[in-house]
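Q: Could you walk me through a few of the helices in this one?

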Amino acid sequence: LIILLQVQRAAELVGYFVSPEVWCKMILANVKSMQSFSPVMILASVIKGSERSVLKPYLPQIVLTLNDTDICFTTQVHETKVTCYCEIFCIYVFMG
């Protein structure tokens with residue numbers, strides 16, 4: 001659990017210090033190719049750490065990736081929660 005929290009915190013720092021132009025391509029490619037909750041969890045944390053105004057132009061691409069049926073439809077409760085957190089952060093950025 002401690003390692004998971006440290007990974008999430010590190011991902012937030014990536015969102016804070018690295019431009020979405022750089023991380024968006026890499027992380028979204030991993031979300032699509034791995035189709036597991038780990039890349040979605042990392043994406044949620046990076047979004048959480050990102051500045052809203054800088055992230056806003058990338059939201060359509062992020063939302064399209066999350067809406068892929070191979071990613072958003074799962075029977076695993078934990079994976080569904082992680083995807084929901086990611087979507088909540090996207091809404092927060094969009095509304096903010």
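Predicted model: local features only at pLDDT ≥ 70, side-chain atom pairs only at ≥ 80, totals over all residues.

Q: OK, at what angle do helix 2 and helix 5 pack?
A: Helix 2, which covers residues 20-34, and helix 5, which covers residues 59-66, pack at about 10°, and their axes lie 10 Å apart. With angles under 35 degrees counting as roughly parallel, the two helices are therefore roughly parallel to each other.

Q: And which residues make the contact?
A: From helix 2 the contact takes Trp23, Cys24, Leu28, Val31 and Lys32, while helix 5 contributes Gln61, Ile62 and Thr65.

Q: Staying with helix 5, which of its residues are buried?
A: Leu59, Ile62, Thr65 and Leu66 are buried in helix 5. Viewed down the helix axis, these buried residues fall within an arc of 130°, so they line one face of the helix.

Q: What does the face turned away from the buried side carry?
A: That face of helix 5 carries Pro60 and Leu64, which are exposed.

Q: Switching topic: where is Ser45 found?
A: Ser45 is found in helix 3, which spans residues 37-49.

Q: Buried or exposed, and why?
A: Ser45 counts as buried because its relative accessibility is 7%, and the cut-off for buried is under 20%.

Q: What is Ser45 in contact with, leaving aside neighbours within four places in sequence?
A: With those neighbours left aside, Ser45 is in contact with Gln8, Ala11 and Glu12.

Notes:
Residues numbered from 1 in each chain as written. Heavy atoms only, no water. Helix = DSSP H or I, 4+ residues; strand = E, 2+ residues; numbered from the N terminus. Buried < 20%, exposed > 50% of the residue type's maximum accessible area, 1.4 Å probe, protein only. Contact = heavy atoms within 4.5 Å. Axes fitted to C-alpha atoms, helices over the stretch in contact; angles between N-to-C directions. Parallel < 35°, antiparallel > 145°, perpendicular 65-115°, else oblique. Arc of directions from axis to C-beta.
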